[in-house]
Amino acid sequence: MLIKELVYFKTALEMAVRHDNLNLTKLLLNKTSRYHPKAKALSYASKYNHQDVINEILKDPNVDGDVSTFDSERLKKTPIEWAVENSELNLLKLFLPITRKSHKITALITAVRDGKEEIVEEILKDPEVDVNHDSLTSYQMRHLEKPYMSALEWTVKNDDLDMLLLLLEKRSKSTKLTEKALELAAEEGKEDFVQVIVKDPEI
């Protein structure tokens with residue numbers, strides 16, 4: 001009976017969120033003690049950009065932003081990634097502190113790929129975010145469209161020199177991905193990108 005009730009409330013909460021029913025969401029949040037259903041509800045609210053519902057869910061200080069929902073292409077997206085897709089800067093600011101590093105990186109890559117400079121600037125303020133991050137994991141790839149590239153490489157692919165300069169301002173101990181971006185720029189004959197990247201004294 002208890003299991004059935006938990007499943008019911010999880011499903012009911014998600015439906016309330018999807019339909020942007022704030023009063024019903026408040027009621028069901030009070031009936032939900034576990035954090036995963038609340039985090040799942042946050043992801044749905046972010047997907048549909050229901051901001052009053054999002055603010056209500058975030059009143060619980062233990063809710064995190066690491067649960068994902070699927071987009072129309074069956075790619076996973078966490079709240080911060082939905083904020084990027086929806087160009088919601090204010091929501092992005094709310095989600096950064098409650099999101100794990102790996103999802104911040106995928107959000108950065110998506111924002112750079114889509115040329116959303118204001119969003120990129122905000123993500124780069126987070127001390128956990130490194131433009132020369134570790135190689136993408138298979139889990140992170142489930143959140144990204146192909147081809148799988150770093151944010152630095154996307155600036156080259158998109159011919160976005162201003163975005164490259166913005167990323168290079170965030171210094172890092174590693175230069176692994178900067179070097180990959182340099183290789184791509186050289187391969188595609190983009191001399192202006194090469195000139196900018198080679199100014200890095202660590203290259």
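Analyst: Lys125 is exposed, with a relative accessible area of 59%. Here, exposed means over 50% relative accessible area, buried means under 20%, and partly exposed lies in between (1.4 Å probe, protein chains only). The side chain of Lys125 meets that of Glu122 in a salt bridge, at 3.1 Å from N to O. Glu122 is buried, at 15% relative accessibility. A salt bridge is a side-chain nitrogen of Lys or Arg within 4 Å of a carboxyl oxygen of Asp or Glu. Side chains of opposite charge can pair when their charged atoms come close.

This is a predicted model: local features need pLDDT of at least 70, side-chain atom pairs count only at pLDDT 80 or more, and totals for chains, interfaces and linings use all residues. Residues are numbered from 1 along each chain as its sequence is written, and side-chain values use heavy atoms, with hydrogens and water left out.

The structure holds 13 salt bridges. One of them pairs Asp71 with Lys77. Their closest N and O atoms are 2.6 Å apart. Asp71 counts as buried, at 12% relative accessibility. Lys77 is buried too, with a relative accessible area of 7%.

Next comes Glu188. Glu188 forms a salt bridge with Lys190, and the closest N and O atoms are 3.0 Å apart. Glu188 is partly exposed, at 30% relative accessibility. Lys190 is buried, with a relative accessible area of 12%. This pair belongs to one network: salt bridges that share partners join Lys157, Asp159, Glu188 and Lys190.

For another buried residue, turn to Ile105. Ile105 has a relative accessible area of 3%. Its place is in helix 7, residues 101-113. Helices (H or I, at least four residues) and strands (E, at least two) are DSSP runs, numbered from the N terminus. Leaving aside neighbours within four places in sequence, Ile105 is in contact with Val129, Asp130, His133 and Gln140. Contact means heavy atoms within 4.5 Å. The C-alpha atoms of Ile105 and His19 are separated by 30 Å, and these residues are 86 apart along the chain.

Last, the confidence. pLDDT is the predictor's confidence in each residue, from 0 to 100. The mean pLDDT of the protein is 92, and 95% of its residues reach 70 or more. Over residues 1-9, pLDDT stays under 50. For that stretch, the model has 4 contacts beyond four places in sequence.
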